[in-house]
Amino acid sequence: MKRLRMAVCTAIVMMAAGSAANAEVLSPKRIVSLDGGTTETLFALGAGGQVVARDEGSTYPAEAQKLPAISTGHQLNVEAILALKPDVVVGRNRSMSGPGMHILEQARVRVVRLPDDPGVEVAQLRIENLASLVGKELDAKRIIESMQADLDRLEEKKKAVSGEAAPRVLIVYLRPGVVMMMGEDSNAAAMTRLAGGQFAVPGVKGYKELNAEAAVAAQPDVILCYTEGLEATGGADALWNRPGLAETPAGRARRLIAMDDLLLAGFGPRTGQAALHLFDRLHGQGTTVAKAHP
Amino acid sequence: MLKAENLGYRVGTRWLVNDVSLHVEPGEFWVIGGANGAGKSTLLRLLSGELAPHSGHVELKGTPLRAYEPRALARLRACLAQDLSASFPFTAYEVALMGRIPWQGQWASRPHDHYIAKEALAEAGVAHLESRDYPSLSGGERRRVDMARTIAQEPKLLLLDEPTNHLDAKHQIELMEWCWRHTRQGGCAVAVLHDLNLAARFADRILLLKDGHAAALGTPEEVLTPENLRACFNLECVIWRHPSGCPWVVPVDTAQTPRFHPPVARCNAGLQGAAS
Amino acid sequence: MTRAVPYKLVFLILLAALPIALCVAAGMGAYPIALFRIPAILWDRIEGEGYRVLLYIRLPRIFLAALVGTALALSGAALQSMFRNPLADSGLIGVSSGASLAASAWIALAGADSRLGLWGLPTAAFAGGLATVWLVWRMARTSGATPTATLLLTGIALNAIAGAGIGLLIYCSDEEELRSITFWQLGGLNGTTWPLVWAALIPLVPGLVLLAPLGRALNALALGDREAYHLGIPVAALQRRIVLGSALAVGGAVAAAGGVGFVGLVVPHMFRLLCGADNRWLLPSTAVGGALLFLGADTASRTLVQPAELPVGILTALAGGPFFLWLLLRHKREALHA
C-alpha cells in the first residue's frame, strides 16, 4: 500500500517535472519553497541561490533564514508569492493544501508537490525529485550515498546493542500550559523507530494532550521533544516540574533529549545524521542531558 | 411614630416629592392618594428608607431613619411593594417565612418562626396554598402570600404600595380590614391607594398629592371634597354618603349629563357588616 | 406543583455521595492502582511509583477538581439569586471572559517568558478575571448604587469586548499558540500539583467563605432588591460581597482549571428543579453537587481516552447538558399536569 502510494506520488512528480522540462529551460531560476525540508534539500543540492522565498519553518541552513518568509504554515500569502514571479512553487503535500494553492495553479504558476510520508525511502525520493527539478542529479547521488553511509553505520551500531532492550521514548510537544504527546504516525515517532527507540505510547495518533498519570504508566526511559518548544515553555527545569513527567523513569534519571524540529522530523538530506545523533543520545553516548539552549 | 418633615426628592432638576410633611401617630391609618405621577410611590419609598431624601428628614420612633441598621428597621416596618419578581420556585410557605428574616440568624428557623409564618398564611387566607410554587400562583394569590410575608414580619409600621392591586373585591376589603385592625392594635399604616372609596372607608387621615406637593391633608371628611378632587385629579365628583357615615366619592362623567341611580340597599348592608 | 423531593434528603444524599466519589476517583486513573491497596499505600508510605503517582499526581488533582466544582456551583447559585435570573452564572460578571482574555494574551504575547514558568498562565488568568469584574462593577455603579440590570448589561458588553480581544489574539497567534489557547479554553486539570492547589486555595477559600453563609440573605434578594432591603438586608453590601466572593472563587477556579463554566449554571438549576429554591439548602447542596459533577467529569476526562486527556469542558457540557434537558422536560410535563 505504502509503496503503491509512493509510486503514484513519484509518477505525478515526474510527470510534472517532465512536462515542465519540455516547455521551459531545464532549471527554474526562481523557486518558492513551502517547507523546511524542501528548502534544506535545495540548499544541499547547491540550488540555494535559486530559492527566492521560503516558509517560516525553513530555518536551516542559516542562509535560508535570510530569504523572505511568505507562508506561516496555515496561511499562504498568495499575492506575495505571485509578486515574486516564481518559476515554480514547491513543497510537501501537507503544506500545499488549502485554497491558496488552487489560486496559484489558476494563475498558471507551476506547482510541484512532494510526498510527505516519513521514512528513508521517501526522503531519498524527495531528494531525487528535487534534483531532477533543478538539474542536480549528481549532487543528489552524493547526498543519498552519504545518507546511506550514515544509515549503514546506524545498522551496525544497532546490532551492537541488539541484546539490550530498546529504550522507551515518549515524544512530547510542549506549548505554554499544555503538554501534548506526538502519536505514532508523527515524523518524530518514525525517526525514533529509525534510531532504534521504542515508541512508549503505542496506539496514539496525531497530537493528544498527555495525561500526567499516563506518562508514568507508559514508563518511558527518555523524553524526546523539540528544542523550540522546550525553550518556549521555560526549559528543562520547567518540564520536570510538570506533574507526571518527573515520576517517570526518564524523569528520575533526568533523561531529556531536545532536538531541532527540522532535524528530528524533517526527513530531509540530514536524515542519516539525525538518526545517528538520536541513536547516540538514546544510548547514552554523546550528550544525553538535554541542551536547553543549544 | 413616623414623622417626616419637609421631604423633598428630585431626579435631575425635577422634584418628584417637594416639601411634604406628615406625622403618623400610633393607631393611625394613613392613605396617600393622587393622580398618576403625583409622587405617591416615591413618597412611600422615602418613608421606608429605601430612598434618601434630598431635603428634609424622616424619623421613626424619634430616631432618624438613616441611623437605623437595616435589620433593626425591618423589625419595625414592613413594606408591601407593587410587584415581585418570581423567577425562582420558592413555595408560598417559604416566601411567608422570609418575613421572619429580620428576626432570625443566618441559618436555622426556630419553631416560633414556623408558627408565625403558618399563622400569617392563615390570616392572609392562603394557608391552603402553602406548598404551592409561588411563581405558579395567580396575581391575587401572590399578593396575599406577600401579605402573609408582611404579616409574619410583625412590624409596627406598615407601608403598602397599592396593596389592592390584583385582588378581587372581597379580598380588597379583607386586606383593608386587616390593616385597619393592625392600626387599632397600636400599629400604624401608610398605604398608597387609588380607590378613594376604600380610603374613605378605612383611613384615619388622607394625604392628597399633586405634582409632589401636599394638596390636602386631613380626615376623609375634610379631604374628599369636590374642590380637592378637581384640583388633584382634574375630575368632577359628587360626594355621597356611605351607609356607615363616611364620604362616598362618585365620579361624574364630565362630557354627558350625569345619570344618577340610588345606591343598592343590599350592597350597603354587606359593607356595613364588613366594617363593623 | 408540589415537589416530591425534600431538601434535606437530597442534601444528605449528595453529602454521602461525596466521600464515595472521592474514593472511587482515587482508585481510577491511567496508572493502575487497585482501590483496596490505596490505604496501605498511603499508610505505609511505600516509596514506590504507585505512592508517588497517587500522592503527587492523582490526589492533588482530585482535591482541586472538587474545589473547582464547588466554587463554580456556589458562585453560580449566588449570582443567579442576585440577578434573579436562573440562567445567570459567573460569565455574566466578566470573570470567565476576562480570565480567558488574559490567558490568551499570556499565551500569545508572553508565552516565551520563562521567569514565571508554570505560574505565569494561572496568575495572568486570575488577574484578568478579577480586573474585568472590577471594571464591570465600576462601570455599572451609578451614584453609589449598583442596579442589577445595569450590572448585567455591563457584564454582557464587557464579555463581548473580551470576546473580540480573544478573537484578535487568536488571529495574531501562530498555529502552536492557537493550540494552547484552544486547550486553555476547553479547560482541564492535567497540570495540577500540590503547589498549584495551595495557590488556588488563596483566592478560593476567601471566596467560598464569603458566599457560603448567604442563604437567607439570597432568599430575600431573590424577591427583589427593594424587598430584600425591606427585610433588613443591606443590599449594596450584599451585592458587593456576592460579586467579590464570586470573582475570587471563580477567578481561582478558572486560573487553575482553564475555561470551565456550565457547572455554575447547571448545578443550582438542577437542585431547584428537584427540590426548590430555598438558598439555605441550595447553597450547601450545590456546593457539594458541583464538587461531585466536576469530580466526575474530571475523572472521566483523565481515564476515558487514556493515555490521552479529554478536555473537561467538553465533558461537563456532555454530562450536564442532557441531564439538564431531561429535568427541564420533566418539569414542563409536570407543570402541564398540575
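1. A salt bridge, as used here, is a side-chain nitrogen of Lys or Arg within 4 Å of a carboxyl oxygen of Asp or Glu. Glu40(A) makes one with Arg270(A), where the closest N and O atoms sit 2.5 Å apart.

2. Some ground rules: this is a predicted model, where local features need pLDDT of at least 70 and side-chain atom pairs count only at pLDDT 80 or more, while totals for chains, interfaces and linings use all residues. Residues are numbered from 1 along each chain as its sequence is written, chains are lettered from A and ligands numbered from 1 in the order written, and side-chain values use heavy atoms, with hydrogens and water left out.

3. Chain A is split into domain 1 (2–143) and domain 2 (163–282), with bounds from an automatic or database domain assignment. Their contact (heavy atoms within 4.5 Å) takes 17 residues from domain 1 of chain A and 10 residues from domain 2 of chain A.

4. How much area is buried between domain 1 and domain 2 of chain A? About 1,100 Å², with carbon and sulfur atoms giving 59%; this is the accessible area (1.4 Å probe) that two parts lose on being put together, summed over both. On the domain 1 side, Glu40(A), Tyr60(A) and Pro118(A) lose the most area to domain 2, together 39% of what that side buries.

5. Back to the salt bridges: the count between domain 1 and domain 2 of chain A is 1.
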